[in-house]
Amino acid sequence: MPGERFDAVVVGSGPGGYVAAIRAAQLGRRVAVVEADRPGGICLNWGCIPTKALLRNAEVLQLFQRAGEFGVSLEGLRADYAVAHARSRQVAERMSRGVEYLFRKRQITLIPGRGTLLAPGAVRVAAADGSARTVEAAAVVLATGARPKSLPGVAIDGVRVISSDEALRLDRVPPSIVVIGAGAVGVEFADVFASYGTQVTVVEALPRLLPLEDEEISRHLARSFAKRKIDVRAGARVQSVRAGGDAVRVEIEHEGQAARLEAAMVLMAVGRGANTGDLGLEALGVTVARGFVQVSPRMETSVPGVYAIGDVAGPPLLAHKASAEGIVAAEALAGAAPGPLDYRAVPSCTYCHPQVASLGLTEAQARADGRAVRVGRYMFVANGKAQALGEPEGLVKIVAAGDTGEILGVHVIGAEATELIAELALGKTLEATVEEVGRTIHAHPTMAEAVMEAALDAMGEAIHL
Amino acid sequence: MAVTKVVMPKLSEAMETGKLLRWLKQEGDRVSGGDIIAEIETDKADIELEAFGSGVLRKLLVGPGASVPVGQLIAVIADPDEDIGALASAAPAGGPAPSAVGAPPAPAPAAAAAGAPPPGPAAAAPAPPRPAASPAPAREPAADGGPAPGAQPAPPPGPPSAAAPPAGPPVVSPGRLRASPLARNVARQAGLDLAQVTGTGPGGRIVQRDVQAALAARSAAVAAPAAPPRVPAAAPPAGPETEEVPLTQIRAAIARQMIQSKAPVPHFYVTAEIAMDRAVALRGELQALPGAPKLTFTDLIVRACAVALGRHPGINASFAGDRLRRHRAVHIGIAVALDDGLITPVLRDCDRKSLFQIAAESRDLIERTRARKLRQPELSGATFSISNLGMFPVEEFSAIINPPEGAILAVGAILDKPVVVDGRLAVGKRMRVTLSCDHRVMDGAMGARFLADLKATLEAPLALLA
């Protein structure tokens with residue numbers, strides 16, 4: 001097929017790629033998107049969205065298990081994971097079709113196949129049927145995402161040793177599982193499986209659950225998981241993983257002692273690696289360092305006209321960070337001068353129960369910076385709405401600069417934490433200080449009042465504390 | 001309500017002003033979205049301007065040939081019966097506005113008005129006609145937030161407004177400081193006047209990074225930084241007729257610092273003539289005392305200023321964004337000329353030092369300045385400065401304020417002049433001084449009262465020994 005010419009071609013249609021494509025189209029550019037799988041990338045198909053559907057099922061189930069607290073009697077409660085799985089696929093399918101619709105609406109050309117950079121401005125697309133074509137464009141945006149990593153020497157066989165990709169394809173839960181890695185992915189699957197009765201063991205090399213979060217949040221989550229009989233082995237080194245016929249054996253070293261865990265499955269959740277291979281980067285001289293494509297603040301790589309966004313362009317590996325970068329890249333390639341992103345204002349959310357959300361520095365990081373720090377806290381147990389909902393677990397913690405009141409970090413654990421963080425992401429972006437947050441009138445009764453009180457507490461002025 | 005504000009669009013990244021070549025529609029013409037209503041000349045090309053809204057072209061606010069900053073309101077499209085009084089008077093009417101040409105941030109009065117909310121119920125009554133040139137008394141904008149000052153073309157009514165790429169560095173509107181709460185806090189703590197900071201946030205809003213950049217520039221200017229000096233873009237091309245002299249670091253620092261003063265600080269000047277006969281005599285007598293340190297007129301003036309500043313705290317003050325900062329201490333900067341520039345070392349606590357102390361310390365300070373042996377604390381923190389060119393045949397001059405100080409005294413030579421004493425002509429020793437004042441901090445009468453006090457002190461100079 002002869003070459004086709006566009007203003008921009010985006011390789012990958014995840015939350016970075018499809019947003020970049022739409023923004024570039026909004027700015028009047030002719031755009032093509034190359035995608036080997038369903039539109040929407042990992043996020044919509046095999047990540048954020050289907051896992052949230054499963055976690056909602058887990059939440060509903062946990063609520064039913066607590067029905068007695070609310071005076072609702074249930075007999076013969078049964079939970080069918082196959083239905084939960086089917087629902088998660090339906091949700092993912094609906095969202096993916098939504099992306100196709102948006103492409104049609106914006107007259108964005110979706111080209112199925114795998115894209116490889118031939119030259120700056122030329123992408124070769126190899127289709128599943130073996131045919132190939134070349135697409136030309138003034139600008140190329142690489143948005144190829146990342147894939148699950150494993151530990152050295154441990155192969156993901158997709159049966160006994162699985163990654164999140166296979167976990168989302170399970171239509172029944174295993175009787176037992178060892179989850180290796182206690183980041184967001186590991187903790188969320190541990191939550192889902194434990195809710196459906198799986199015996200879950202979480203193994204983490206660093207000393208705590210969600211090791212990138214504030215220590216106080218990790219401690220809180222550890223207490224909650226312990227109550228739910230989730231076995232957490234933090235600070236443990238995995239020595240070996242051996243898959244047998246009907247079980248997997250995991251040898252670990254934990255607190256100076258060797259231990260052997262045995263389960264029906266192992267979920268590897270030790271992080272994700274950027275999809276930089278087979279893209280033709282080396283031949284073009286696109287700089288890749290520490291596994292990620294290096295980019296400028298306007299998301300341009302070392303080769304002019306070639307942009308990279310999202311997971312492939314470096315951490316944090318988050319969908320909304322990819323989308324924000326997609327908008328920057330689209331505006332840059334359209335000739336505008338987008339402002340640089342403030343990575344300190346990128347929120348991070350984990351949808352286990354209780355939910356965890358944060359942005360900016362942990363208290364320890366802020367103190368390590370050597371600056372005067374004020375910490376404000378508010379426990380949901382003192383919040384009327386949380387009590388009324390029967391969700392008194394958790395807290396809001398705000399780390400502020402002692403001199404200027406700058407919001408340095410925010411850490412929330414509890415019901416709807418992932419919604420509550422939006423207020424402080426806005427505050428951080430607008431450079432509000434704890435004073436503006438504390439003096440913002442919050443509706444009563446809401447969980448968000450805890451945000452206001454935490455801000456006031458950072459000033460030593462909390463009312464309900 | 002259907003009012004469409006037509007603003008000068010930003011048609012290229014570097015575009016700061018556009019020239020209106022001609023109107024293709026006239027006032028009263030009916031236009032619909034997409035109609036070509038004008039032609040605009042940019043740095044790159046002539047471009048046709050489309051109407052984004054439909055209605056009647058009610059008002060043309062600039063005439064052919066006018067250069068207009070990006071974002072400025074140039075016309076109003078509205079329904080025939082819509083009241084556009086407030087909008088239409090918001091921009092200078094008719095005629096070219098050549099003053100805006102090439103002025104980078106182009107703070108045209110109308111830029112703010114273009115972003116002001118369109119007239120709502122408050123403007124329902126017919127607006128009284130106003131002199132066309134006067135800026136509209138636009139509603140007091142919120143201290144922060146509010147719409148960006150006309151940095152983008154008016155949004156089209158139909159499809160999403162996203163059709164236009166986001167504007168680059170936005171037009172900064174005068175008389176209104178948009179800054180984040182955090183930026184305000186950081187500036188307040190560092191004693192930085194936000195009016196001297198260029199905002200790079202949305203709509204020109206000043207954000208933390210802008211304050212940090214300004215603080216870095218300020219300390220760089222004081223400390224004569226290692227950064228390589230840049231040749232200003234406006235310099236005429238080099239040729240056989242010219243010699244290119246690379247900027248010394250101190251010259252580059254002065255260039256930066258002075259622009260930071262003269263551009264944002266509104267200066268005014270108050271001049272007085274002081275009879276120095278008695279001061280000259282006093283200095284002669286003091287110098288003749290055995291063991292007395294060398295005493296200069298600058299020392300006398302420093303002491304006199306310290307006395308007067310103590311009585312006029314409004315002069316010993318700085319503009320600090322949303323407040324004035326009065327300094328309890330009197331630290332006086334003394335401008336010292338060097339071969340390649342100027343340094344203003346600081347003599348601290350002048351109000352608490354005797355004349356001889358001031359003489360001894362300032363001599364040491366000036367010697368070390370010339371030897372470039374100053375310590376960092378001696379280079380900053382002045383609350384007032386004195387620049388004395390009296391050793392030259394300079395009768396009077398005016399100096400540029402060294403921010404964040406609120407004023408600087410420029411001192412001319414003491415000259416023999418014909419004066420009238422008791423109705424008879426005589427020869428007197430006269431010195432002219434000019435106080436440059438930051439008008440945000442003080443007004444003319446305050447400067448005049450200070451000079452009157454300074455004059456009285458120097459004319460009856462025994463008080464300097466107190």
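## Parallel sheet in chain A

Strand β10 (residues 199-204) of chain A runs parallel to β11(A), and four bridges join the two. Helices and strands here are DSSP runs numbered from the N terminus, with at least four residues (H or I) for a helix and at least two (E) for a strand. Two strands count as paired if DSSP finds at least two bridges between them. E204(A) has A234(A) as its bridge partner in β11(A). The model is predicted: local features need pLDDT of at least 70 and side-chain atom pairs count only at pLDDT 80 or more, while totals for chains, interfaces and linings use all residues. Residues are numbered from 1 along each chain as its sequence is written, and chains are lettered from A and ligands numbered from 1 in the order in which they are written.

β10(A) and β11(A) belong to an open sheet of five strands with parallel pairing, in the order β8-β15-β9-β10-β11 (chain A). At its edges are β8 (161-162) and β11 (231-234) of chain A, each of which pairs on one side only. Helix α6 (residues 184-195) of chain A lies across β9 (176-180), β10 and β15 (265-268) of chain A. Its direction is at about 165° to β10(A); axes are lines fitted to C-alpha atoms, for helices over the stretch in contact, and angles run from 0 to 180 degrees between N-to-C directions.

## Antiparallel sheet in chain A

A second open sheet has three strands, in the order β12-β13-β14 (chain A), with antiparallel pairing. β12 (236-243) and β14 (257-263) of chain A each have a single partner strand, so one side of each is left without a neighbour in the sheet. From one strand to the next the twist averages 20°.

Strand β13 (residues 248-254) of chain A is joined to β14(A) by seven bridges. Within this pair, V250(A) has L261(A) in β14(A) as its bridge partner. V250(A) is also one of the residues touched by V266(A), along with V248(A), V241(A), R160(A), V161(A), V178(A) and I180(A), not counting residues up to four places away in sequence. Contact means that the C-beta atoms of two residues, placed from the backbone, lie within 7 Å.

V9(A) stands opposite V140(A) in β6(A) and opposite A32(A) in β2(A).

V9(A) and V140(A) are among the residues that touch the most other members of the largest nonpolar core, together with V141(A), L142(A), V266(A), L267(A) and Y307(A). This core has 152 residues, and its largest share, nine residues, comes from helix α9 (residues 319-333) of chain A. Another core, of 67 residues, lies apart from it and includes L182(B), I334(B), I343(B) and I401(B). A nonpolar core is a set of buried Ala, Val, Leu, Ile, Met, Phe, Trp, Tyr and Cys residues joined through C-beta atoms within 7 Å. A residue is buried if 20 or more other C-beta atoms lie within 10 Å of its own, exposed if 12 or fewer, and partly exposed in between, with C-beta atoms placed from the backbone.

## Helix α4 of chain A

Helix α4 (residues 81-105) of chain A has 25 residues. From its first C-alpha to its last it reaches 36 Å, close to the 36 Å expected at 1.5 Å a residue; the expected span is 1.5 Å times one less than the number of residues. Q107(A), with a positive phi near 55°, follows α4(A).

The buried residues of α4(A) are Y81(A), A84(A), H85(A), S88(A), A92(A), V99(A) and F103(A). Their cover includes α1 (17-26), β2 (31-35), α2 (41-46), α3 (48-65) and β3 (109-112) of chain A.

## V288 of chain A

V288(A) lies in strand β17 (residues 288-289) of chain A. V288(A) is partly exposed because 18 other C-beta atoms lie within 10 Å. Leaving aside neighbours within four places in sequence, V288(A) is in contact with T276(A), L281(A), V293(A) and Q294(A).

## The two chains

Chain A has 14 helices and 24 strands, and 50% of its 465 residues count as buried. Chain B has nine helices and 18 strands, with 41% of its 466 residues buried.

The contact between the chains takes 19 residues from chain A and 15 residues from chain B. On the chain A side, seven are nonpolar, six polar and six charged. Ala, Val, Leu, Ile, Met, Phe, Trp, Tyr, Cys and Pro count as nonpolar, Asp, Glu, Lys and Arg as charged, and the others, Gly among them, as polar.
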